[in-house]
Amino acid sequence: MTGTRTAIVEAAAAATPLAFVYFSGWAYLSAYLGKFDIDATQVDVSLATVLVYAFVPLNSWPVLLTIAGLAVVYLLSAFVRPLVKPVRRTGLVLMLAALVALLFVVRNSADAAAEEMADLVWFGQKSITNAVVKPPDKADQSYEEYARCRDSRRLRQILGTTDTMYLLCRNDVLPCWHAVLFAVRNDGAIAYSAERRRNNDGNMASCKN
Amino acid sequence: MAIWQAARTEFCAVALAFVGWTGAVLAQDLQRFEAKIDIRKLMIVDGPYELQGSTGIYGFVVARSGGKATFRPCTGPMVDVDDNRLKRTKSTCADEPPTDGNPFSVGCGGGVEVPSQVKAAIAKEGPTSALGTIFEMGSTSEVQVYATYDNTAASKIKGIDRMATCGDWNIGFDASGADIMHFLSKDNATTGNYGDLKQ
């Protein structure tokens, strides 16, 4: 029984870091896509992509300081005699509370980082990506709108996945406030386009073109 | 055992405090968005118009000069555009696309109330007033009419981020959600459509 319990604890300990990193990456990606009203669950993102993006929120001061703080608390509880027994008795509750607190810190950091990245797209400071789109057989409003955006260099890349490129076409008159989102598939077809309107986050004044 | 009881008591205290704080924040938010909008200041505009060559951008014209129109969109800052880029529309600010998922939104709150003095002033001057004319009721209940759209008038509406359509009125809000100007189309001023809105 002791052996089984130990094995379960060791397996959980081994899986927790990977789950934590995966959560961080997913928190960032879902927050970033959410800034453009793209449902992250509809986007086919590989595990490798999620893990790579995990370092964006993990590499922030709030997360690093929280982890450092929790490490200090753990070391104190392990080596300061008066704390050892009470911490041993309440260990599971304390661990859960620490994990929940860390997850919230990661989520907030992910949201802040996602907002910064989304601002770059709205301000036109991301890659001008002209995805290859096949002209449709008959007149199509989405394609005509896309062609106008491409010709006037108003397209900006939001995210590229293995099967779809998400692009933002910034409006020519109100570029930081209104845009059209295009989802272009790998086969050159426009999967859909959607009007987007942005909330003022106090960052709009410097938007030029 | 004593430590468990102490920890449990502390946990309950923290949970209660958190619930109380959350409730207070929610109540404050609800109260802010349900306040009635008092029309003591308004501007006569033309519209609504749709910006051609764009999708879902609606707004109003506050001034015209030399083929250019000063366009006050429902969302975003005021811009000068060629008058021929504006097309009359029946759509209102309520027909704009949704925002980027941020839950903050502006609306008609608890309704719109127009003081009788303001209604009388609109009835007298509204139909013949130029675009950009401002009617403003001071503390003495006298309504001042500023007939010229100049830099002073422009500065009064510069801080508007977005607008909401409330009945015959279009309300301009700043970034904090405060209503800083109320817009009435010349058509509504002429036909007498500038009444209260009950919610």
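Start where the two chains meet: seven residue pairs are in polar contact between chain A and chain B, counting pairs with both residues at pLDDT 80 or more. That confidence score is there because this is a predicted model.

**Stop 1: chain A's side of the meeting place**

Select helix 5 (81–89), strand 3 (178–185) and strand 4 (190–197) of chain A; these are the elements that give two or more residues to the side touching chain B. Which element gives the most to that side? Strand 4 of chain A does, with three residues.

**Stop 2: the whole interface**

Next, show the residues in contact from both chains: 21 residues come from chain A and 26 residues from chain B.

**Stop 3: a bridge between the chains**

Side chains of opposite charge can pair when their charged atoms come close. How many salt bridges are there between chain A and chain B? The count is two. To see a salt bridge between the chains, select R85(B) and D172(A), where the closest N and O atoms are 2.9 Å apart.

**Stop 4: a bridge inside chain A**

Over all chains, the count comes to 17 salt bridges. For one within chain A, zoom in on D119(A) and R198(A), whose side chains meet with N to O at 2.4 Å. This pair links distant parts of the chain: D119(A) sits in helix 6 (residues 91–122) of chain A, while R198(A) lies in the segment after strand 4 of chain A, 79 residues apart.

**Stop 5: two helices crossing**

Finish with helix 4 (residues 61–79) and helix 5 of chain A, which pack at an angle of about 105 degrees with their axes 5 Å apart. That angle is why helix 4 of chain A counts as roughly perpendicular to helix 5 of chain A. Show the side chains of L76(A), S77(A), A78(A) and F79(A) from helix 4 of chain A, then R81(A), L83(A), V84(A) and V87(A) from helix 5 of chain A, and you have the residues that make the contact. By class, they divide into six nonpolar, one polar and one charged.

How values were computed: Residues numbered from 1 in each chain as written. Chains lettered and ligands numbered in written order. Predicted model: local features only at pLDDT ≥ 70, side-chain atom pairs only at ≥ 80, totals over all residues. Heavy atoms only, no water. Contact = heavy atoms within 4.5 Å. Salt bridge = Lys/Arg side-chain N within 4 Å of Asp/Glu carboxyl O. Polar contact = N/O pair within 3.5 Å; in protein donor to acceptor, adjacent residues only side chain to side chain. Helix = DSSP H or I, 4+ residues; strand = E, 2+ residues; numbered from the N terminus. Axes fitted to C-alpha atoms, helices over the stretch in contact; angles between N-to-C directions. Parallel < 35°, antiparallel > 145°, perpendicular 65-115°, else oblique. Nonpolar A, V, L, I, M, F, W, Y, C, P; charged D, E, K, R; others polar.
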